[in-house]
Amino acid sequence: MLVSLTPFIKALCPATHLADVNLKDPSSKFKEGNKLEFRVLSTDPANDKVLLTHKNSLMTTQLPLITSYEGLAQGTLSHGYITSVKVHVLFFHPQTSRLTLCIFLQPHGIFVTFYNGVTGLVSAAEAGVAVGESLIAKFHVGQVKVCRVLHADAENKKIALSFLVSSSFTPKSK
């Protein structure tokens, strides 16, 4: 959805960010000329781009917003949205007289994005799924999740995350 912030500034709210659930017919909920509230996800002044969200869970969160790789403390909780679910495809060809090919999907992880393009990875082990359960079946692009920061490497722009956010967790001191 193209949004006019001012007569001279337009922004984009992708279909995956119109609501917390996928809308089958967004035009029935959003009418031209309506005044709506959005939250800015990122800006790119060099290319005159502004990316918005209308997801209620991101707009009303009381958790801290992750806007930079700098200064992230282990144990920080924040809402993020899933941008990719990755699996490795393993091919297995047994040494038999028959030509057979077995394909195994091995879970890799889930990429979660916060604000200003800050992205982290939730490993399959930290996703909170049962052994053998499919990441693709349980998680989808656009889904909002509460994440816990396990480790942040600002220099390399990497964040290790977990969906396991139990209240009994206490961050390790440095």
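User: What share of the contacts in the chain with a separation of 6 or more comes from residues 24 or more positions apart?
Analyst: The model is a predicted one. Its chain has 174 residues, of which 30% count as buried. Among contacts with a separation of 6 or more, the share from residues 24 or more positions apart is 54%.

User: In what order do the elements of the chain run from the N terminus on?
Analyst: The secondary structure comes to three helices and nine strands. Read from the N terminus on, the order is β-β-α-β-β-α-β-β-β-α-β-β.

User: How many aromatic pairs does the structure hold, and is the pair of Phe139 and Phe163 stacked, edge-to-face or tilted?
Analyst: The structure holds one aromatic pair. A pair of aromatic rings is described by the distance of the centres and the angle of the planes. The centres of the Phe139 and Phe163 rings are 5.3 Å apart, and their planes stand at 45°. Planes under 30 degrees apart would count as stacked and over 60 as edge-to-face, so the one pair is tilted.

User: How many residues apart in sequence are the parts that the pair of Phe139 and Phe163 ties together?
Analyst: Phe139 belongs to the loop between α3 (135-138) and β8 (144-153). Phe163 is in the segment after β9 (158-162). The pair therefore ties together parts whose separation in sequence is 24 residues.

User: Which residue lies over the face of Phe163?
Analyst: Phe163 is buried, and so is Phe139. Over the face of the Phe163 ring, at 5.2 Å from the ring centre, lies Lys145.

User: Is His17 buried or exposed?
Analyst: His17 is placed in the loop between β2 (10-12) and α1 (26-29). Leaving aside neighbours within four places in sequence, His17 is in contact with residues including Leu41, Leu52, His54 and Tyr81. The relative accessibility of His17 is 4%, and the cut-off for buried is under 20%, so His17 counts as buried.

User: What is the separation of the C-alpha atoms of Leu63 and Leu77?
Analyst: Leu63 sits in the loop between α2 (56-59) and β5 (77-92), and with a relative accessible area of 25% it is partly exposed. Neighbours within four places in sequence aside, Leu63 is in contact with Leu77, Ser78, His79 and Val146. Leu63 and Leu77 are 14 residues apart along the chain, and the separation of their C-alpha atoms is 6.6 Å.

User: Which residues is Leu5 in contact with, leaving aside its neighbours within four places in sequence?
Analyst: Leu5 is in the loop between β1 (2-4) and β2, and at 43% relative accessibility it counts as partly exposed. Phe38 is 33 residues from Leu5 along the chain, with 9.9 Å between the C-alpha atoms of the two. With those neighbours left aside, the contacts of Leu5 are Ala11, Val50 and Leu52.

User: Is Lys157 buried or exposed?
Analyst: Lys157 lies in the loop between β8 and β9. Its phi is near 55°, a positive value in a residue other than glycine. The relative accessibility of Lys157 is 56%, and the cut-off for exposed is over 50%, so Lys157 counts as exposed.

User: What is the phi of Asn116 near?
Analyst: Asn116 is found in the loop between β6 (102-113) and β7 (119-123). With a relative accessible area of 49%, Asn116 is partly exposed. Asn116 is a residue other than glycine, yet its phi has a positive value, near 60°.

User: How do the residues of the lining of the largest pocket divide into nonpolar, polar and charged?
Analyst: The largest pocket has about 240 Å³ of space. Its lining includes Met1, Leu2, Phe30, Lys31, Gly33 and Phe38. The lining residues divide into six nonpolar, three polar and three charged.

User: Which residues line the largest cavity?
Analyst: The count of cavities of 30 Å³ or more comes to one, and the largest cavity has about 30 Å³ of space. The residues of its lining divide into two nonpolar, four polar and two charged. They are Asp20, Val21, Asn22, Lys55, His140, Val141, Gly142 and Gln143.

Note on methods:
Residues numbered from 1 in each chain as written. Predicted model: local features only at pLDDT ≥ 70, side-chain atom pairs only at ≥ 80, totals over all residues. Heavy atoms only, no water. Phe/Tyr/Trp six-rings, centres within 6.5 Å; stacked < 30°, edge-to-face > 60°. Helix = DSSP H or I, 4+ residues; strand = E, 2+ residues; numbered from the N terminus. Buried < 20%, exposed > 50% of the residue type's maximum accessible area, 1.4 Å probe, protein only. Lys NZ or Arg CZ within 6 Å of the ring centre and 35° of its normal. 1 Å grid on protein atoms, 1.4 Å probe; cavity = no way out; pocket = protein on both sides within 12 Å on 5 of 7 lines; lining within 4 Å. Points joined across faces, edges and corners; volume = space filled by probe spheres on them. Nonpolar A, V, L, I, M, F, W, Y, C, P; charged D, E, K, R; others polar. Contact = heavy atoms within 4.5 Å.
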